Amino acid sequence: MSHKEDFLKSCLILDTETNSDDYKIAEIIESGFVIREEGDWVIFNDLHKPVDRPIPPKVESICYITNKMVADKSPFSDSKDTFQSVVDGYIDGYLVAHNHFFDMRVLGNHGINTENHKWICTWRMAKKLFNGVESIEGTNLPYLRFALELDVPIEMYCHRAGNDSFITAKLLEVLVDLLEESGIIDPSLPYGPQIQEWA
């Protein structure tokens, strides 16, 4: 197995959809992640009913998760222990997210402990890698999906936790390829520590 595949297998790529873009008050309305199995990404995601405030129309219009859709769902707190066990399964690997700061804070506010985990942020990787590249006009996930022609089915809409986790995984693959091509990664050494140090 290659160092690249070893690295991808060591990654838990995750995303949260929330009812606010303020991480201090945001409640998780959908959690998702992907894991690497036999050279492909397997998607897991769950909807959650917010406890303190309903999903505002602005959020519904972005992620297409409505209050009706989550009316009979359990709050994230009911899934917290299961989610924590999945996260802890990657204590020797990496947690990956696009703009990890937000997801890390939101998960922390919901009782998910990631203090002893190593994070890699694909948004930070993209900002650093494409700095000064005129053909790349942005670094948000929906833009990069199309700008880099990621191998993602067109019907897989952004702003859903499982989908965004999958798109982030596909982005990570391309970013790793670019790091290889540019000589930033030494292919004879494990990739994880090199990527974390560079990013």
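**Cysteines first, then the cores**

A: Keep in mind that this is a predicted model. Start with sulfur distances: a disulfide needs two cysteine sulfurs within 2.5 Å. In Cys158 the sulfur sits 12 Å from the closest cysteine sulfur, that of Cys63, so the gap is too far for a bond.

Q: Is Cys158 buried or exposed?
A: Buried means under 20% relative accessible area. Cys158 has 16%, so Cys158 counts as buried.

Q: How many disulfides turn up in the whole structure?
A: Zero, going by a search of the whole structure. Take Cys121: this residue is in no disulfide, and the nearest cysteine sulfur, in Cys11, is 13 Å away. Cys121 is buried too, at a relative accessible area of 6%.

Q: On to the cores. Which residues have the most contacts inside the largest nonpolar core?
A: The general idea is to look for buried nonpolar residues joined through side-chain atoms within 4.5 Å. Here the largest such core holds 33 residues, and Phe7, Ile13, Met125, Leu172 and Ile195 have the most contacts inside it. Elements giving two or more residues include helix H1 (3-9), strand E1 (11-18) and helix H6 (122-129). Helix H8 provides the largest share, eight residues.

Q: What does Met125 touch?
A: Leaving out residues up to four places away in sequence, Met125 touches Ile120, Leu172, Leu175, Leu179, Ile195, Trp198 and Ala199.

Q: Which residues does the second, separate core include?
A: That core has 17 residues, among them Tyr90, Ala97, Ile112 and Trp119.

Technical notes:
Residues are numbered from 1 along each chain as its sequence is written. This is a predicted model: local features need pLDDT of at least 70, side-chain atom pairs count only at pLDDT 80 or more; totals for chains, interfaces and linings use all residues. Side-chain values use heavy atoms; hydrogens and water are left out. Buried means under 20% relative accessible area, exposed over 50%, partly exposed in between (1.4 Å probe, protein chains only). Helices (H or I, at least four residues) and strands (E, at least two) are DSSP runs, numbered from the N terminus. Contact means heavy atoms within 4.5 Å.
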